[in-house]
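This briefing is intended for reading beside the sequence and the three-dimensional structure shown below.

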Amino acid sequence: MGWQGTRRTATAATLAALAAFGLAAPPPVAAAPRTGTAPSSGTVAARSQTSPTPPPPRLPRDFRGKGEWIVRDLDITVPFTWEGRGGDSQMTAGGPQYPIWFTNLIYHDTLYTLTYKWPGLTEHPCSRIPGFNLDALNKVFENARFVGPETLRRTPQRHVNHWRVGAVLPELPPGNHPRLPLALGDIYVDEGDRGTFWQVLQFGVQNLYDPELDEWLVMDTFEHRPGTVTLPRRCEPPR
């Protein structure tokens, strides 16, 4: 359920949502679409699609889960929590004792990103983008493209539906036109429950602090009961 800090403030709310989803992981499970595998904490095994396209991911109003956030090219893995309560939600990676520490929130119709620690970072503003909420995020997910059913080879193995959501500029018709993928997200939700998120890869401008522009989250637990969402003191309260 990446979408942190200034780099995670995109030029539009949709890009910011991808950053916050992150709205933005053990070594990440490779996002190989339906064929082959790649080195990771587990591997993705494609499975035959025998049923109609399932409904797209939908982040619930109330949930709580724990896992890991991974920045592979920096060789950094930190603990990660993702919680939602009443439509607000918060992601927190790392902490004061780790090399990475950030939090992303959707709080009272406002998107906040705050990076406390990141290698090489000297500025730590709390970015605030008003007019964004859970409904807007789920609207983004409604346009996600279904990649296919897959199996995350972890412990335990998880049967998931793999989706891709992204933003490409400029918006042009099909054909030979220069395009730039600004933000992409690979989302893996439980095969039996589109509101249970097990894994996310986010790639693009929302990851500008990372040299390779990609970061992973992998959830070890995901429960459908209210979590805790707290706006940091240094962030401006919603108006």
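The points that follow are grouped by topic, from the chain as a whole to single residues.

This is a predicted model, in which local features need pLDDT of at least 70 and side-chain atom pairs count only at pLDDT 80 or more, whereas totals for chains, interfaces and linings use all residues. Residues are numbered from 1 along each chain as its sequence is written, and side-chain values use heavy atoms, with hydrogens and water left out. The protein chain contains two helices and 12 strands; helices (H or I, at least four residues) and strands (E, at least two) are DSSP runs, numbered from the N terminus.

**Overall organisation and confidence**

- In sequence order, the elements of the protein chain give the pattern α-β-β-β-β-β-β-β-α-β-β-β-β-β.
- Of the 239 residues in the protein chain, 52% are buried; buried means under 20% relative accessible area, exposed over 50%, and partly exposed in between, with a 1.4 Å probe and protein chains only.
- The average pLDDT of the protein chain is 83, and 79% of the residues score at least 70; pLDDT is the predictor's confidence in each residue, from 0 to 100.
- Residues 1-42 have a pLDDT below 50, and this stretch has 191 contacts in the model beyond near neighbours in sequence; contact means heavy atoms within 4.5 Å.
- Where pLDDT is low, predicted coordinates should not be read in detail.

**Nonpolar cores**

- The largest nonpolar core has 40 residues, and those with the most contacts inside it are Leu-59, Trp-69, Phe-80, Trp-82, Phe-197 and Leu-217.
- A second, separate core has seven residues, among them Tyr-107, Leu-114, Val-229 and Cys-235.
- A nonpolar core is a set of buried Ala, Val, Leu, Ile, Met, Phe, Trp, Tyr and Cys residues joined through side-chain atoms within 4.5 Å.
- Apart from neighbours within four places in sequence, Phe-80 has contacts that include Lys-66, Trp-69, Met-91, Leu-217 and Met-219.
- Val-218 belongs to strand S12 (residues 214-223) and is buried, with a relative accessible area of 0%.
- The C-alpha atoms of Val-218 and Lys-66 are 8.4 Å apart in space, although the two residues are 152 residues apart in sequence.

**Helix H2**

- Within helix H2 (residues 134-142), the residues Leu-134, Leu-137, Asn-138, Val-140 and Phe-141 are buried.
- These residues lie on the same side of H2, because they cover an arc of only 145 degrees around the axis; the arc is that of the directions from the helix axis to the C-beta atoms.
- Asp-135 and Lys-139, on the other side of H2, are exposed.
- The N-terminal end of H2 is capped by Asn-133, a side-chain oxygen of which lies 3.2 Å from the backbone nitrogen of Asp-135.

- S5 and S6 pair in the antiparallel sense over six bridges, and Thr-103 has Leu-114 in S6 as its bridge partner; two strands pair if DSSP finds at least two bridges between them.
- S6 also pairs with S7 in the antiparallel sense, over five bridges, with Thr-113 opposite Ser-127 in S7.
- Six of the eight residues of S6 are buried, so that this strand is mostly covered.

**Backbone features in the loops**

- The hairpin of S5 and S6 has three residues between the strands, and His-108 takes a positive phi near 50 degrees there.
- Asp-109, which lies in the loop between strand S5 (101-106) and strand S6 (110-117), has a positive phi of about 65 degrees although it is not a glycine.
- Asp-109 is partly exposed, with a relative accessible area of 45%.
- Leu-213 is in the loop between strand S11 (193-204) and S12, and its phi is near 65 degrees, a positive value in a residue other than glycine.
- The relative accessible area of Leu-213 is 27%, which makes this residue partly exposed.
- Thr-155 and Pro-156 are joined by a cis peptide bond with omega of about 0 degrees; Pro-156 lies in the loop between strand S8 (145-152) and strand S9 (158-169).
- Another cis peptide bond, with omega of about -5 degrees, joins Leu-169 and Pro-170, and Pro-170 lies in the loop between S9 and strand S10 (180-190).

Definitions and conventions. A polar contact is a pair of N or O atoms within 3.5 Å; within protein, one must be able to donate a hydrogen and the other to accept it, and residues adjacent in sequence count only if both atoms are side-chain atoms.
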